[in-house]
Structures are given as C-alpha cells and as structure tokens.
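Me: Hi! I'm new to this one and would like a friendly tour. Could you show it to me?

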Amino acid sequence: MALSKNIPLKNLVFTEKSLKDLIESLSEGFDPSAKDGLRQRYSLHISEDSDTAVFVDEPPKHLGKMLENSIENISLRFDRGKPTREIELKLNNGNSSHWNYIKISGHDEDWVQLTHAKINKLLSNHKSNSGLYWRFHWVVSVVLIVLCVFLFVRLGRFMAGKILDEQYLKVYSVLESFVGLVGVFVGFALLLYMNLAYPVMEIQTGPVNGWRAMNRRKRVKPILWFLFVAPFLTYLGDLWKMIIIGK
C-alpha cells in the first residue's frame, strides 16, 4: 500500500545554507551507482529570474555554487523503484502559498514517515516572523487603516487652522470626510506593501540588495513607528493645551 505525505511550506526563510541542507536531504535516496534495472529519475530546476535557469538530472556535486545568486523558484523531483519512493519540492519566493510544498510518497511506509519527520524537523529551524503577521492580518489591517484615517484628519485640521480663516474652516469641515477617505486609500496601499514585506516564503540568496522582502521591511518599519507613536504624541499635545488653558 502506498503512503503520501504533504508538507505545505509557508512562513519560512531560506538562506543559501538552509537551501543546500534541504535539497541534500531530499536527494539522499539517489544512488549514482545504481544498476540499470533500478528505475531512477532526478531533476533539479533553479530559476534566478524569468530568463535564467539551471537544470541538472542528478544531485550536483557543487550545489553551493548554484545557490550563490538571487533565486526566484526551485523545483525538485526524484523517484525510484524497488520499493517506490517519490519526492517533489516546489519553492517560490513571495506569496504564492499554493506553489510551496514538499510531497513525499511511496510503498515503503517507514521511509515516508521517517523522511517526513526529518524534513519537518529541518524546516522548524527556518521559521520567519511572517507567520505572526499573517495570523493577525485582519487586526493589523483594521488598526493600520484607522491610524491612517486619524492622522490624515488631524493633519488636515491642523493645516486648515493655520491657513484658512473661520469662514473657510466651515467649508473644510464638509470636506473632512474626503480627507478621511484619502487616509483609507493610503492605509490600503501601506497594507499591500506590508504583504510584500512579510511574504509567506522568503529566499535570501545572492547580494543583500536583492533581498526584496527584507529591504521592504527596512523601509516600512520607520513608517509604522510613526503611525503608532504619532497618535500618542497628539494626545499629549492636546492634554498640554488643556493644562495651559486651565491655568
């Protein structure tokens, strides 16, 4: 009886070393000295971009060199007979969660179970912070949009108070809902950017300036700090005015 085990790959970060460890572990069953009577097929496909890819039909002796450049996706398929053993790996950099998995199957049930446990243990060392972000994604979305609306409305009131006289301030109060709507659009745009900064799958190979997700996180963190600190500073400013006026 055949047994099949699937391992969905998400909320993981792979470096050159961890990719090398994973591919080597999945390729262990390949026997280069196997006789012709043993059916055995192996294919490893590594794409750097839409125009550049490397393909090999047996486990490479210098795998590290193949992982030195920026990588967009990796696919590996290995199967052999007597008894049947099959492994398939799909790994895509970004948020394509449906195309990131490892499938282990075969008639040797003990081998399937042991390989499944071994790979799961290996993957547990490469968890990313994206899991926490996606787990509370709806909370982050609501808070982010509310903060953007709050800051845009408060900024609009401040600027209107400095520039407009009392007559035009009444007109601005009518347009304030439009300013809040702009805040909603900015919040959604920032949220889409954060989705790219915290992908379900991240491959960190090649030059550091090519690690898109990590570089996006560096850019978005100061903005997030400002969004969360600004309302608190605004509250302190309002409290200070109340104290001064009270005096």
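Reply: Happy to! One term before we start: contact means heavy atoms within 4.5 Å. Also keep in mind that this is a predicted model.

Me: Thanks! Which residues of H1 meet H3?
Reply: Asp21, Leu22, Ser25 and Leu26 in H1 do, and on the H3 side they meet Lys118, Ile119, Leu122 and Leu123.

Me: OK, on to the strands. In what order do they form the sheet?
Reply: The order is E1-E7-E6-E5-E3-E4, making an open sheet of 6 strands with antiparallel pairing. E1 (3-8) and E4 are the edge strands, each pairing on one side only.

Me: Where does H3 pack on that sheet?
Reply: H3 touches E1, E6 (85-92) and E7 (101-106), and its direction makes about 10 degrees with that of E1.

Me: Let's look at E3. How many bridges does it have with E5?
Reply: E3 (residues 40-47) and E5 (residues 73-80) pair over 8 bridges, in the antiparallel sense. Glutamine 40, for instance, stands opposite arginine 80 in E5.

Me: What about E3 and E4?
Reply: They form a hairpin with 5 residues between them, and 4 bridges join the two strands.

Me: Which residues are the bridge partners of isoleucine 46?
Reply: Valine 54 in E4, and isoleucine 74 in E5.

Key: Residues are numbered from 1 along each chain as its sequence is written. This is a predicted model: local features need pLDDT of at least 70, side-chain atom pairs count only at pLDDT 80 or more; totals for chains, interfaces and linings use all residues. Side-chain values use heavy atoms; hydrogens and water are left out. Two strands pair if DSSP finds at least two bridges between them. Axes are lines fitted to C-alpha atoms, for helices over the stretch in contact, and angles run from 0 to 180 degrees between N-to-C directions.
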